[in-house]
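Below is a short report on one protein model.

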Amino acid sequence: MYYGNIKKYDIANGPGVRTSLFVSGCRHHCKGCFNAATWSFTYGQPYTPAVEEEILKSMEPDYVTGFTALGGEPFEPENQRELVKLFHRIRERYPKKSLWCYSGYTLETDLAPGGKAYTEVTEEMLACIDVLVDGEFVEEEKDLTLRFRGSRNQRLICLPETLRQGKIVLWDGK
């Protein structure tokens, strides 16, 4: 897996101050994408154990409220197998910090069994995430007033509640 950037003081991709990892590789190629350079699976630098430790260390301060994975596309099958390991390490080390993930794939179709991005680790990955922002960016639905998303079609899904209830539960902002 490659990554394009690590932001250690990100306030745009989830509540509070976060560490954000922009992974490389995306097949969506959304018109108007803010990060088209990350479409290539070899953009940026290789993701290594040292990079993972850098991410985990950056989350130590109390003022860091969580971690966000985006890209690129974290749920490309090529990225899931590495990210699920990172997600588990974050959960183990920082159980009270939130974990967000952005995906152009939709939960009930693409990330469900038989979906185009479903792998043997997808459910394990989803179980680690607090909020999934799903759906492709749609330029015609772009809205700069939206909180933590770029277009109106995208949803902020509270994954623990969604998985528990078996139906989509949107994040309430808390």
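## Basis and terms

Helices (H or I, at least four residues) and strands (E, at least two) are DSSP runs, numbered from the N terminus. This is a predicted model, in which local features need pLDDT of at least 70 and side-chain atom pairs count only at pLDDT 80 or more, while totals for chains, interfaces and linings use all residues. Residues are numbered from 1 along each chain as its sequence is written, and side-chain values use heavy atoms, with hydrogens and water left out.

## The sheet

Seven strands form an open sheet in the order S3-S1-S2-S4-S5-S6-S7, with mixed pairing. Two strands count as paired if DSSP finds at least two bridges between them. Strand S3 (45-46) and strand S7 (155-158) are at the edges; each has a single partner strand, so one side of each has no neighbour in the sheet. Strands of a sheet pair through backbone hydrogen bonds, either parallel or antiparallel.

S1 and S2 are antiparallel and share five bridges. Tyr3 has Val23 in S2 as its bridge partner. The hairpin of S1 and S2 has six residues between the strands, and Gly14 takes a positive phi near 135° there. S2 also runs parallel to S4, with seven bridges joining the two; in S4, Thr68 is the bridge partner of Ser20. Buried here means under 20% relative accessible area, exposed means over 50%, and partly exposed lies in between (1.4 Å probe, protein chains only). Six of the seven residues of S2 are buried, so S2 is largely enclosed by the rest of the structure.

## Ser103 and the S5-S6 pair

Strand S5 (residues 98-103) and strand S6 (residues 131-134) run parallel and are joined by four bridges. Ser103 lies in S5, opposite Asp134 in S6. Is Ser103 buried or exposed? At 4% relative accessibility, Ser103 is buried. Contact means heavy atoms within 4.5 Å. Not counting residues up to four places away in sequence, Ser103 touches Glu73, Phe75, Leu132, Val133, Asp134 and Gly135.

Helix H1 (residues 49-58) lies across strand S1 (2-10), strand S2 (17-23), S3 and strand S4 (64-71), and runs at about 15° to S1. For such angles, axes are lines fitted to C-alpha atoms, for helices over the stretch in contact, and angles run from 0 to 180 degrees between N-to-C directions.

H2 has 17 residues and spans 25 Å from its first C-alpha to its last, close to the 24 Å expected at 1.5 Å a residue. The expected span is 1.5 Å times one less than the number of residues. H2 has a kink of about 30° centred on Leu83, where the bend at a residue is the angle between axes fitted to the seven residues ending there and the seven starting there. The buried residues in H2 are Asn79, Gln80, Leu83, Val84, Leu86, Phe87 and Ile90. Their cover includes S2, H1, S4, S5 and helix H3 (122-128).

## Salt bridges

A salt bridge is a side-chain nitrogen of Lys or Arg within 4 Å of a carboxyl oxygen of Asp or Glu. The whole structure holds 16 salt bridges. In one of them, the side chains of Glu78 and Arg27 meet at 2.4 Å, N to O. This pair links distant parts of the chain, with Glu78 in helix H2 (residues 77-93) and Arg27 in the loop between S2 and S3, 51 residues apart. Glu78 is partly exposed at 39% relative accessible area, and Arg27 is partly exposed at 46%.

Glu82 and Lys85 form a salt bridge at 3.7 Å, N to O. Because they are three residues apart in helix H2, Glu82 and Lys85 are separated by about one helical turn. Both are partly exposed, Glu82 at 26% and Lys85 at 46%. Glu52, Glu53, Arg89 and Arg93 are linked in a network of salt bridges.

## Asp143 and its partner

Asp143 is in the loop between S6 and S7. Asp143 is buried, with a relative accessible area of 19%. Leaving aside neighbours within four places in sequence, Asp143 is in contact with Arg149, Gly150, Ser151 and Arg152. With Arg152, Asp143 also forms a side-chain salt bridge (4.0 Å, N to O). Arg152 is partly exposed, at 44% relative accessibility.
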